[in-house]
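Work through the following exercises with the sequence and the model at hand, and try each task before reading its solution.

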Amino acid sequence: MNKSKHEAFMQAAIDEARKALAAGGIPIGCVVVRNGEIIGRGHNQRIQQNSVIKHAEMDALENTGRLRAVDYQMCTLYTILSPCPMCSGAMRLYGIKNIVIGEIITFQGDETLLISEGVSLIVLNNSECINLMNQFLQQYPEIWYEDIGK
């Protein structure tokens, strides 16, 4: 897939992150793509829904709906931030083999584990993703640490 296609799908994930922020949540967004089409969108809703599991990736997978394993294996997941162990576990469970990450500077998740299991990771180091997270971390460090289990 060419770079501009990755950037377009990442922009959709960034748009989801902005929805989360506008609703008083953590600015992380995600989209699930199959055959060049977004089939699921989500954003972090832990604050808004008082949830322990509503990370952006989990929300996007839930909004994708029930699929067969072979369908998930054909998907690419775009997330603005490195996936945490919980989200990486869901991706591994359903066999998602392609993940495009907006940035891994403000948070590093399970990249090594995902790669060791044959997952293809592309890190864009997108400045908009980095700026969104840096601004949030500076303003709300206690909410961020809660989100990542610290």
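A cavity is a set of points, on a 1 Å grid over the protein atoms alone, where a 1.4 Å probe fits but cannot get out, and its lining residues have an atom within 4 Å of a point. Grid points are joined across faces, edges and corners, and a volume is the space filled by probe spheres set on the points. This is a predicted model, in which local features need pLDDT of at least 70, side-chain atom pairs count only at pLDDT 80 or more, and totals for chains, interfaces and linings use all residues. Residues are numbered from 1 along each chain as its sequence is written, and side-chain values use heavy atoms, with hydrogens and water left out.

**Exercise 1.** Find how many cavities of 30 Å³ or more the structure holds, and describe the lining of the largest cavity.

*Solution.* The structure holds one cavity of 30 Å³ or more, and the space in the largest cavity comes to about 70 Å³. Its lining includes Ile28, His55, Glu57, Trp144 and Asp147.

**Exercise 2.** Determine how many disulfides (pairs of cysteine sulfur atoms within 2.5 Å) the structure holds.

*Solution.* The count is zero. Cys30 is in no disulfide, as the nearest cysteine sulfur, that of Cys87, is 8.1 Å away. For Cys75, also in no disulfide, the nearest cysteine sulfur is that of Cys30, 11 Å away. Cys75 is buried (under 20% relative accessible area, with a 1.4 Å probe and protein chains only) at 0% relative accessibility, and Cys30 is buried with a relative accessible area of 0%.

Technical notes
Buried < 20%, exposed > 50% of the residue type's maximum accessible area, 1.4 Å probe, protein only. 1 Å grid on protein atoms, 1.4 Å probe; cavity = no way out; pocket = protein on both sides within 12 Å on 5 of 7 lines; lining within 4 Å.
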